[in-house]
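Hello,

Here is the structure I promised to pass on to you. Have a look at it first, and then read on for what turned up in it.

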Amino acid sequence: MNYIGAVLFSAWESYWRRGFGGLWNDKPVIENRALQHVLNSIAMILLFWYRFDIVSQWQKVLTIVYVIAIVEGLYWSRGHGYAFDLGRDGQPDEKMLSRYEKPLFNRFFLTPLYNLFGWRKYGYSYDLFSMALRYTLPCVLLIPVFSWHIVFMGLLVSPIYAFCWTFRERENARYGSTALAEWIVGAWTGLCLSLM
């Protein structure tokens, strides 16, 4: 993959992630989530067709399908609404608590760990670790295709959100922290998928 292609895909993924996050909510047709996934899948097919140097066409097709299934089905599609603000919403209500405990990694790992040590759940560190797990675990499934470095694609998502929220609070920025994080996370993901 050449660097121009990586920059173009990174720009697309940044724009797509922001659209997926709400930029296209009032746009007829394109606001449809299924269509948004199809558009991103087409972009990934084009990227990976030229990126993966696999002799057998069937192996290439199966590899591309596998990567798209992981990226679209697990990395992008699973929600993070319970943790995206990194503990800034105070003590969650019953509805939000059920959302916190829905992911298995929260229910069977983070919550018991926080209970064991008596740490405050559902605050900044809990949300930071939860988002890190939420985005990194799908990347583990991509290691056979990319190498172990692909886990950094997921590991940096929660620090990006944390930075954007902190930057907004400290600098009184006029734009939303979530929107900025979506632009950056999309670009970061595009670069990782293009170059790792």
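A nonpolar core, as the term is used here, is a set of buried Ala, Val, Leu, Ile, Met, Phe, Trp, Tyr and Cys residues joined through side-chain atoms within 4.5 Å. Please keep in mind that this is a predicted model.

Let me start with the core. The largest one has 44 residues, and those that touch the most other members are Phe48, Tyr75, Leu142, Phe146, Met153, Tyr161 and Leu193. Two or more residues come from each of α1, α2, α3 (57–76), α4 (94–100), α5 (104–117), α6, α9 (157–171) and α10 (177–195). The biggest contribution is from α3, which gives seven residues. As general background, nonpolar side chains tend to be buried together in soluble globular proteins.

Leaving aside residues up to four places away in sequence, Leu142 touches Val67, Ile70, Val71, Ser147, Ile150 and Met153.

Met153 is also a neighbour of Thr189, a residue of helix α10. Is Thr189 buried or exposed? Its relative accessibility is 0%, so Thr189 counts as buried. The side chain of Thr189 has a polar partner, though: it makes a polar contact with the side chain of Tyr75 at 2.9 Å. With residues up to four places away in sequence again left out, Thr189 touches Glu13, Tyr75, Trp76 and Met153.

Next, helix α6. It covers residues 124–140, and its 17 residues should span 24 Å at 1.5 Å a residue; the end C-alpha atoms are 24 Å apart, which agrees. The buried residues of α6 include Tyr126, Leu128, Met131, Ala132, Tyr135 and Cys139, and also Asp127 and Arg134.

Finally, two backbone details in loops. Which phi does Val29 have, although it is not a glycine? The value is positive, at about 70°. Val29 sits in the loop between α1 (3–23) and α2 (33–51), and it counts as exposed because its relative accessible area is 62%, where the cut-off for exposed is over 50%.

Ser147, one of the residues that Leu142 touches, has a positive phi too, of about 125°, and is not a glycine either. You will find Ser147 in the loop between α7 (143–146) and α8 (151–155). With a relative accessibility of 25%, Ser147 is partly exposed.

Happy browsing, and best wishes

Definitions and conventions
Residues numbered from 1 in each chain as written. Predicted model: local features only at pLDDT ≥ 70, side-chain atom pairs only at ≥ 80, totals over all residues. Heavy atoms only, no water. Helix = DSSP H or I, 4+ residues; strand = E, 2+ residues; numbered from the N terminus. Buried < 20%, exposed > 50% of the residue type's maximum accessible area, 1.4 Å probe, protein only. Expected span 1.5 Å × (residues − 1). Contact = heavy atoms within 4.5 Å. Polar contact = N/O pair within 3.5 Å; in protein donor to acceptor, adjacent residues only side chain to side chain.
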